[in-house]
Amino acid sequence: LGPLRLPQRVVNGQDFKGNGNRDKEGFYFFSNAEAVKEFKFEPGRYKIMARAGAEAIAKEPAKMVLRINGQDKHSWDVKNTRDKLETYDAEFRIESGEKGGTKLSLAFTNDFYDEANPDPKERDRNLLVRQVIIEGPLDGPMAPRPETHRRIYGERAANQSDDAYMLEVLNKFARRAFRRPAEAGEIERYLAFNKIAKSQGKPVEEAIRNSLEAMLISPAFLFREEPGMGTAKGGRQLISEHALASRLSYFLWSTMPDEELMKLSSTGKLRENLNAQITRMIADPKAAEFTSNFAGQWLQLRNLSGVFPNRKQFESFYDERLAPMMRKETEMLFTHVLKENLPVDTLLTADYTFINDKLATHYNIPDVKGSEFRKVSLANTARRGIFGHGSFLVLTSYPNRTSPVLRGQYILENILHTPAPPPPPNVPQLTATGGNQKKMSLREQMEKHRDDPNCASCHALMDPIGFGLENFDAVGRWRDKEGETPVNASGELVSGQKFSGPSDLMKIISTDNKHNFHKAMAEKLLTYALGRGIDWYDRPAVDSIVAKTDSTGGKFVPLIEAVVTSVPFQFRRD
């Protein structure tokens, strides 16, 4: 802010060469010595500044001498201590040296050392130079404003008054900060800062800076305002187009509206172009935030960083650092289904995935080489969709073993929209059999656990689903045995549907429960889009979203369009 600055070069003391100690603190002189560095100067006047500190020993300050091409130009008495550095400066005209090189050096010239002095603080005089700042040429052009400054302050027109310039800058800034054009009189009040600045002899840029700080703590910036349009009816009111632009942008991009959304909302044409904007926004790279944030919440991918399988049992999981790769695999499938506008059921049925060589080795998939992620067929494997992803399988396991309960509950809640009720209090944990008793498999232990009537009702919902995925171990590898016992992945759902393994189970969930999956997706998406939970009065909207999704074959983009055009997204409650 303020007047344009002269060009500056800041050089750390450790970048100088000479007889001394160089480290992050700077150049430390412990005896008479010289610190030298070569620079290129255009002919002109320069201001040389050195931040330094020393010890004044024997009542004499340290002498610091500035030399240019070996000639003494100026000296300073460095009286302040090394923990309270000060800046010492002097101005000179410098002509360019041979081939443009000029040697600039700082010398320490009055070293003192008296080992016999009874006061330790009076025994040794040393000098520290933290950094050297070269400003200029003082008679040359000013340094240009940085790009960040120009984006906010712009270029001031000739003969433009301070108030007019200030209003122009603030109105432009408010449109972005408030995510809408400023209201009448909203910006003019900030002109008070210009009166204060003038009374203190400061430029208008100072007033603008203070105004920007005030705008960035105003409710209009800190909160997403959602003013209504027209008269409220039935306890709800249509939100303004600018509020709709913000909802849409934070839904799909997790950031403020761009210029195109702002223009459409300013002309009242956003609603009539909603579907076209949704298509544009999904194709934009910023839609990666939707994948990261929505999929991260819905599929709990964010939790992968806090899951730690037993290192002794699953050493390769850590050696190959598989957790972030597993998250990337699921995010890439999600993005593929979104960008290609495929049915959302593809997340459950895809006979391909996105992996690199390390994940392929982990999954025992041949002929995948290189660290780059690419689309790979899952033909001749039992993996399909996210149920075969390491992310899901690791998240729904305990550190040392799989958990049919966690896997079953995850699918019921996130995929089938039928969460099991919470467990009753004082339910005993599974305990491995010991002594002379026969060691039971996990499935046998859980079947015995279900003998308790308090446990049976819930576990009858969860356990069969989890058992159908038991061929995948706690880190997502395929297995045919649990220890020495063959894995039994067959079962029967409470609906009476029977399956013999993961493939059958995945087909039942993705085909016979398609409507339930669409309902789960509708609720999860609407919750994410609104930033609040679904209440009883949102049920008709959810049913409408699901009906529209079913009618389009479950395609992803129409599902998003149905969420955006729904009553909860378009209206606010008074």
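I take two strands as paired if DSSP finds at least two bridges between them. Strands are DSSP runs of E with at least two residues, helices are runs of H or I with at least four, and both are numbered from the N terminus.

The model is predicted: local features need pLDDT of at least 70, side-chain atom pairs count only at pLDDT 80 or more, and totals for chains, interfaces and linings use all residues. Residues are numbered from 1 along each chain as its sequence is written, and side-chain values use heavy atoms, without hydrogens and water.

**Strands.** I looked up β4 (residues 26–29) and found it antiparallel to β3 (residues 21–23), with three bridges. Two residues lie between β3 and β4, which form a hairpin. Asparagine 21 stands opposite tyrosine 28. I then found three bridges from β4 to β13 (residues 127–135), also antiparallel. Here phenylalanine 27 stands opposite valine 129.

**Cores.** I next checked the nonpolar cores (buried Ala, Val, Leu, Ile, Met, Phe, Trp, Tyr and Cys residues joined through side-chain atoms within 4.5 Å). Buried means under 20% relative accessible area, exposed over 50%, partly exposed in between (1.4 Å probe, protein chains only). The largest core has 73 residues, and Phe556 is among those with the most contacts inside it. Helix α19 (residues 514–530) gives the most to this core, eight residues. A second, separate core has 30 residues, including Phe108 and Val129.

**Phenylalanine 556.** Which residues does it touch, leaving aside neighbours within four places in sequence? I list contacts (heavy atoms within 4.5 Å). Among them are Phe290, Asn341 and Met521.

**Isoleucine 217.** I found it in the loop between α4 (204–215) and α5 (219–222). Isoleucine 217 is exposed, at 64% relative accessible area.
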